[in-house]
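Please find below my notes on the model you sent.

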Amino acid sequence: MASFSGQTRIIALPWLLLAIIGGSLCARKEVNGSIEEANQREFDYFALALQWPVTYCRRTRHCCSSNACCRGSNAPTEFTIHGLWPDYNDGSWPSCCSRTSFDEKEISTLTNALEQYWPSLSCGSPSTCHGTRGSFWAHEWETHGTCSFPVIRDEYNYFLTTLNVYFKYNVTRVLNEAGYVPSNREKYPLGGIVSAIENAFHTTPQVVCSHGAVEEIRLCFYKDFKPRDCGVASDIKIDMVTSRSSCPKYVSLPVHVSSGETLFHMPLLINIALVAFTLVFLLAVTDGPLQWIEVF
């Protein structure tokens, strides 16, 4: 059984001065292949989407330099950031709210932290708001980050703010301290995982699963980044604890198969190989299967 890393390096980055100003957003949408302007109202709250990397990495079919799943022993072993998403209370969300294109130079001083805590877990190039394809960070900024105005006003502060919220609300540490450690053998009660987060942050998370394994945990915040429950519609709290179609009552937090776990099975593998070799040898020196059976 592996355990979460108990140490998380917190980079000293200043918090943004958050202002809440009324207004509407100018967004872009695609209609019949063309992008046109559309007015979207200001968002209601933020959702911080965190992904469990091992569950995502199980889908890896090939490797590339941008895929953190392919880092071997350096592959991520704690929750990483998927994105910080402005959402509406009715369950919908704004997207592509300005013509601003992603510029990696704007976040050059954050690159090391982003590579570690906000890495891409695939080799694909997601779509951007301009009818092209780009990096994972480009997709998150153009699709979601541009809609975080007026709380967050530029690309640099979008990524900086997301990192700071991620460090402050450390889901990995909370689950570790509650005894929910990664394992390929253990299954944990979903309700226990949810309760651990509720007790720590006073908010009910949304949990998304894939094949019985935790895939994402989402935390929601007011515009001043105080915790709140996720989506609300018609003044009735939506059951955002779990997607009933994806999360069973008991879930797993899988780990990457380490060299130690592989070696654990080596004696059995060696014995199987020796038996197979012996059978092939006996078949080769006898006249056929019947004679081999008599010898055996």
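This is a predicted model: local features need pLDDT of at least 70, side-chain atom pairs count only at pLDDT 80 or more; totals for chains, interfaces and linings use all residues.

1. The protein has 296 residues, of which 47% count as buried. Its secondary structure comes to nine helices and eleven strands.

2. Contacts and surface. Among contacts with a separation of 6 or more, 74% are between residues 24 or more positions apart.

3. Strand β6. This strand covers residues 206-210, and five of the five are buried, so β6 is largely enclosed by the rest of the structure. In a regular strand the side chains alternate between the two faces of the sheet. In β6, Gln206, Val208 and Ser210 point one way, while Val207 and Cys209 point the other way. The residues on both sides are buried, each with under 20% relative accessible area.

4. The β6 and β7 hairpin. Strand β7 (residues 213-221) pairs with β6 in the antiparallel sense, over five bridges. Across this pairing, Gln206 stands opposite Arg218 in β7. Two residues lie between the strands of the hairpin. His211 is found in that loop, and its phi is near 55°, a positive value in a residue other than glycine. Is His211 buried or exposed? With a relative accessible area of 82%, His211 is exposed, in contrast to the buried residues of β6.

5. Aromatic pairs. A pair of aromatic rings is described by the distance of the centres and the angle of the planes. With the centres required to lie within 6.5 Å, the count comes to 15 aromatic pairs. One of them is the tilted pair of Trp141 and Tyr158, at 5.7 Å centre to centre and 50° between the planes. Trp141 belongs to helix α3 (residues 136-143) and Tyr158 to helix α4 (residues 155-168), so that the pair links distant parts of the chain, 17 residues apart. Both Trp141 and Tyr158 are buried. A further tilted pair is that of Phe221 and Phe225, at 6.4 Å centre to centre and 50° between the planes. Phe221 is buried, as is Phe225.

6. The ring cluster. Which residues do ring pairs link into a cluster? They are Phe43, Phe46, Tyr169, Phe201, Phe221 and Phe225.

7. Charges over rings. The charged end of Arg228 sits over the ring of Tyr45, 4.1 Å from its centre.

8. Phe225. This residue is placed in the loop between β7 and β8 (227-228). Phe225 has a positive phi of about 65° although it is not a glycine. What is the relative accessibility of Phe225? The value is 5%, so Phe225 counts as buried. His211 also has a positive phi, but His211 is exposed.

9. A cis peptide bond. The bond from Phe149 to Pro150 is cis, with omega near 10°. Pro150 is placed in the loop between α3 and α4, the helices that hold Trp141 and Tyr158.

Note on methods: Residues are numbered from 1 along each chain as its sequence is written. Side-chain values use heavy atoms; hydrogens and water are left out. Rings of Phe, Tyr and Trp (its six-membered ring) pair if their centres lie within 6.5 Å; planes under 30 degrees apart count as stacked, over 60 as edge-to-face and the rest as tilted. Helices (H or I, at least four residues) and strands (E, at least two) are DSSP runs, numbered from the N terminus. Buried means under 20% relative accessible area, exposed over 50%, partly exposed in between (1.4 Å probe, protein chains only). A charge sits over a ring if NZ of Lys or CZ of Arg is within 6 Å of the ring centre and within 35 degrees of the ring normal. Two strands pair if DSSP finds at least two bridges between them. Contact means heavy atoms within 4.5 Å.
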